Every structure is written in structure tokens, then in C-alpha cells.
Amino acid sequence: MMKKILAIVLLLVLLVSGWFWSVSMQPDTTLRIDHPRIRLLPGGGPLAGYFTIINAGDHDLRLLTASSDAFARIMIHKSVRHAGQSSMAEQADGVAIAAGARLEFAPGGLHLMLMQAKQTMSIGDEVLISLEFSDSQDATRSIAVPFTVVPVQAQ
Ligand SMILES: [Cu+2]
């Protein structure tokens with residue numbers, strides 16, 4: 001009798017954990033980060049991170065913050081030209097990506113400003129950066145994205 005109960009309990013545990021496994025293994029295809037890269041500028045100053053966000057889901061998203069063990073601080077910046085002068089504006093509230101839209105972080109526009117690298121970086125290195133998003137229901141989710149270090153001439 002006891003053995004039978006144990007067998008049933010064991011079976012239930014297997015079924016439930018199998019279900020959790022299959023749920024957690026579902027790839028999230030609604031949010032994609034394409035071509036994540038860090039341009040390596042010589043001189044030890046701030047570096048810039050670029051990528052494309054693709055929101056293929058039904059909800060508007062907002063990129064709130066970015067963080068990494070490899071940098072002391074990361075800000076979301078936008079390069080702006082005013083009267084022939086180029087400057088950078090911090091996007092303190094993050095940036096919105098409407099449902100079905102894509103948003104480009106690229107040279108001359110939006111970028112992650114990567115402050116005070118904590119490690120030496122070489123071309124081809126991969127550096128993990130966490131991007132934190134919120135959706136229209138104010139649920140937040142964080143995704144860890146491997147950025148590739150590319151030469152300064154790369155686009
Ligand atoms: Cu900047």
C-alpha cells in the first residue's frame with residue numbers, strides 16, 4: 001500500500017516538474033535583440049553599445065535600464081544634432097517600442113553609454129548586458145544579452 005502511494009506521489013512530481021520544464025523551455029519569440037555589439041574605442045573612455053530591438057508581441061514595451069557586471073554604469077543615450085553641434089541626451093525614462101515595431105540603437109542615434117569598463121576588452125569578446133523591459137501592464141522582465149566587441153570602424 002505504502003509503495004503504491006509513493007509511486008503515485010513520484011509520478012505526480014514527475015508530471016508537474018515536466019510541465020514546469022516545458023513551460024520554462026518555451027522560447028520567448030515576442031522580444032528579440034538583433035546584432036548586439038560594443039564598439040571598442042581606444043583610450044579607456046566610455047564605450048557605446050548598439051543593437052536592434054524587435055517587439056513582435058501584442059504589447060507595447062519600454063526599455064527601462066541596462067546593467068552589466070562589466071561596467072560601473074550604463075545609460076541610455078541619444079545623439080542629437082542641434083545647430084551643427086552634436087551632443088548626447090540621456091533618456092532617463094527609457095525608450096518605448098510599440099507592439100509590432102522595431103527600434104534601432106545605431107551610431108548617430110540611440111546607444112547604450114557604457115561607463116568605466118571593469119575589465120580589458122578585446123575584439124571578439126562577448127560581454128553580457130542585462131536589458132530590463134516593462135510592458136503596458138507594468139510587468140518587468142530582464143533579458144541577458146551577449147554583446148560582441150567589434151572594432152571602432154564597424155557599423
Ligand atoms: Cu552617449
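**Close-up 1. Parallel pairing of β1 and β10.** In this predicted model, β1 pairs with strand β10 (residues 140-151) in the parallel sense, over four bridges. Leu 40 stands opposite Pro 151, a residue of β10.

**Close-up 2. Antiparallel pairing of β1 and β2.** Strand β1 (residues 31-40) also meets strand β2 (residues 47-55), and these two run in the antiparallel sense with seven bridges between them. Leu 31 has Asn 55 in β2 as its bridge partner. The hairpin of β1 and β2 has six residues between the strands. Gly 43, in this hairpin, takes a positive phi near 105 degrees.

**Close-up 3. Ala 83 in the loop between β4 and β5.** Ala 83 lies between β4 (71-82) and β5 (85-90), in the loop that separates these strands. Its phi is near 50 degrees, a positive value in a residue other than glycine. Most residues other than glycine have a negative phi. Ala 83 counts as exposed because it has 4 C-beta neighbours inside 10 Å, and the exposed class takes in residues with 12 or fewer.

**Close-up 4. Gln 116 in strand β8.** Gln 116 belongs to strand β8, which covers residues 110-117. Although Gln 116 is not a glycine, its phi is positive, at about 50 degrees. With 13 other C-beta atoms within 10 Å, Gln 116 is partly exposed, because that class lies between the limits of 12 or fewer for exposed and 20 or more for buried.

Technical notes. Residues are numbered from 1 along each chain as its sequence is written. This is a predicted model: local features need pLDDT of at least 70, side-chain atom pairs count only at pLDDT 80 or more; totals for chains, interfaces and linings use all residues. Two strands pair if DSSP finds at least two bridges between them.
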